[in-house]
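Subject: Structure handover

Hello,

Here is the structure I promised to pass on. Please open it alongside this note, and read on for what was found.

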Amino acid sequence: MRRRVRRGRCVYPACALALLGVILAGCSGSGPQSSLEPAGPSARDIDGLWRLVLVLATIVFVIVAAGMVVAMVRFRERPGDTREPKQLHGNTALEITWTIIPAVLLAIIAVPTLQQHFELRDEPDGPRLDVTVIGHQWWWEFTYPGLTDAEGAPLTTANELHLPAGQPVYLTMTSVDVIHSFWVPPLNGKRDVVPGRVTNLKLEADASVPSEDFGFGPGVILGQCAEFCGLAHADMRLRVFVHSPADFDAWVERQLAPAAEPTGTGPIATGYQTFELVCTACHQARVAGSGGVERLGQGVTVDVDGESFDAALAPDLTHFGSRTTFGGASFDATRDHLARWLANPSDLKPMAPERNDIAAGRILGMPNLGLTTDEIDGLVELLESWQ
Ligand SMILES: [Cu+2]
């Protein structure tokens, strides 16, 4: 005997409103760090997995929710009706069914998940571009061991990673201090960057990416350190610049050239004196002067699992003028920002330079060096000229 279901007066409007909220949330569009718009094979694999899980979870949700609604409506207590519905506790057939179905579903998800988990870090077959990624509190160092200058030194840059489109890139990663995590959502999954260990990640951008806009100009993709690593973790970002292969080669050629040592007098020359005297305690630069190409500053060597990595103490500044951002890709590289940075770096980015120990190779930020306005002006001129 079924009676008509009576509708609660405000249940339906409330449900409709809740549903509207959920639907409208989907209209917000994706931010620049969305993994839902994959721009490379690895990211597409991850997105495919996500879709598989979404479909299965949606089916399970709909069946379970529908069953609950039916049970609540059909078997609800009615005035004057004291009969108890049929009790199913301990029903062997049912128990086995709802144990086997989730087990099968989990197996369907687990197989491709594990497979792709290992594929994401497999060495690509055939030609590839190698990049060494070194995590620092709180910036990224990128070195290209296969791309060396006339003196045999590899191309090195900071926070801004340049890649050729449509080519497999293989990252070899480690950290000089704490655990970081390398993550560029449109290109790949997260992978931890761990001190004392080497981790790898495949990275490839589609051939179409150089002309696609992800919100920061064509071919520019945002990334972020995805493992809390202390004070300026939120300012440990990165940018990937995806070029056509020809543009990438041109970029490499420019980056492998040394910076020019200024001649004569004037602000740039003053800046250069300060640079040699003060900045090279932490920063490196390759400079071409009258006596040939000289490498200023020094780095540290970290031994990891029998492998040696040359790491910097602070970002290499040889081509600082060609970078669009600095300080963990958190600030646009304008003259104004640069002058503020040089006057007091912690004014822009929270760091802990009071805990630096240069001799031990432990650097936790750039200190306030008490530079004069003239020195700052000269350094801004100098660094801007080092394209
Ligand atoms: Cu980090």
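Asn 159 is buried, because 22 other C-beta atoms lie within 10 Å of its own. (Buried means 20 or more other C-beta atoms within 10 Å, exposed means 12 or fewer, and partly exposed is in between; C-beta atoms are placed from the backbone.) This is a predicted model: local features need pLDDT of at least 70, side-chain atom pairs count only at pLDDT 80 or more, and totals for chains, interfaces and linings use all residues. Residues are numbered from 1 along each chain as its sequence is written.

Where does Asn 159 sit? It is in the loop between strand E3 (154–158) and strand E4 (160–164). (Helices, H or I with at least four residues, and strands, E with at least two, are DSSP runs numbered from the N terminus.) Asn 159 is not a glycine, yet its phi is positive, about 65°. Most residues other than glycine have a negative phi.

Which residues does Asn 159 touch, leaving out those up to four places away in sequence? They are Trp 139, Trp 140, Leu 238, Arg 239, Thr 325, Gly 328 and Ala 329. (Contact means C-beta atoms, placed from the backbone, within 7 Å.) Gly 328 is 169 residues from Asn 159 along the chain, but their C-alpha atoms are separated by 5.6 Å.

Ala 329 has a positive phi too, near 50°, and is a residue other than glycine. It lies in the loop between strand E16 (325–326) and strand E17 (331–332). Ala 329 counts as buried, with 25 C-beta neighbours inside 10 Å.

Gln 137 and Trp 138 are joined by a cis peptide bond, with omega about 5°. Most peptide bonds are trans. Trp 138 is in the loop between strand E1 (129–136) and strand E2 (139–148).

Now the helices. H1 (residues 11–25) has 15 residues. From first C-alpha to last it reaches 21 Å, close to the 21 Å expected at 1.5 Å a residue. (The expected span is 1.5 Å times one less than the number of residues.) The number of buried residues in H1 is 0, so this helix lies largely in the open.

H3 (residues 92–119) has 28 residues and reaches 41 Å, close to the expected 40 Å. It is hardly covered, with a buried count of 0.

How do H2 (residues 41–74) and H3 cross? Their axes come within 10 Å, at roughly 175°. (Axes are lines fitted to C-alpha atoms, for helices over the stretch in contact; angles run from 0 to 180 degrees between N-to-C directions.) H2 and H3 are therefore roughly antiparallel. (Under 35 degrees is roughly parallel, over 145 roughly antiparallel, 65 to 115 roughly perpendicular, and the rest oblique.) From H2, the contact uses Asp 45, Leu 49, Leu 52, Val 53 and Leu 56. From H3, it uses Leu 105, Ile 108, Ile 109, Pro 112, Thr 113 and Gln 116. By class, that is 8 nonpolar, 2 polar and 1 charged. (Ala, Val, Leu, Ile, Met, Phe, Trp, Tyr, Cys and Pro count as nonpolar; Asp, Glu, Lys and Arg as charged; the others, Gly among them, as polar.)

Pro 85 is in the loop between H2 and H3. It is exposed, because 9 other C-beta atoms lie within 10 Å. Phe 75 is 10 residues from Pro 85 in sequence and 6.7 Å away, C-alpha to C-alpha.

H8 (residues 373–385) packs with H6 (residues 335–343) at about 130°, their axes 10 Å apart. That angle makes H6 oblique to H8. H6 brings Arg 335, Leu 338, Ala 339, Leu 342 and Ala 343. H8 meets them with Ile 376, Leu 379, Val 380, Leu 383 and Glu 384. These contact residues divide into 8 nonpolar, no polar and 2 charged.

H5 (residues 267–277) also meets H8: the axes come within 7 Å and cross at roughly 95°. H5 and H8 are therefore roughly perpendicular. Residues of this contact include Tyr 272 and Phe 275 of H5, and Leu 379 and Leu 382 of H8. The classes are 6 nonpolar, 5 polar and 4 charged.

Best wishes

Technical notes:
Two residues are in contact if their C-beta atoms, placed from the backbone, lie within 7 Å.
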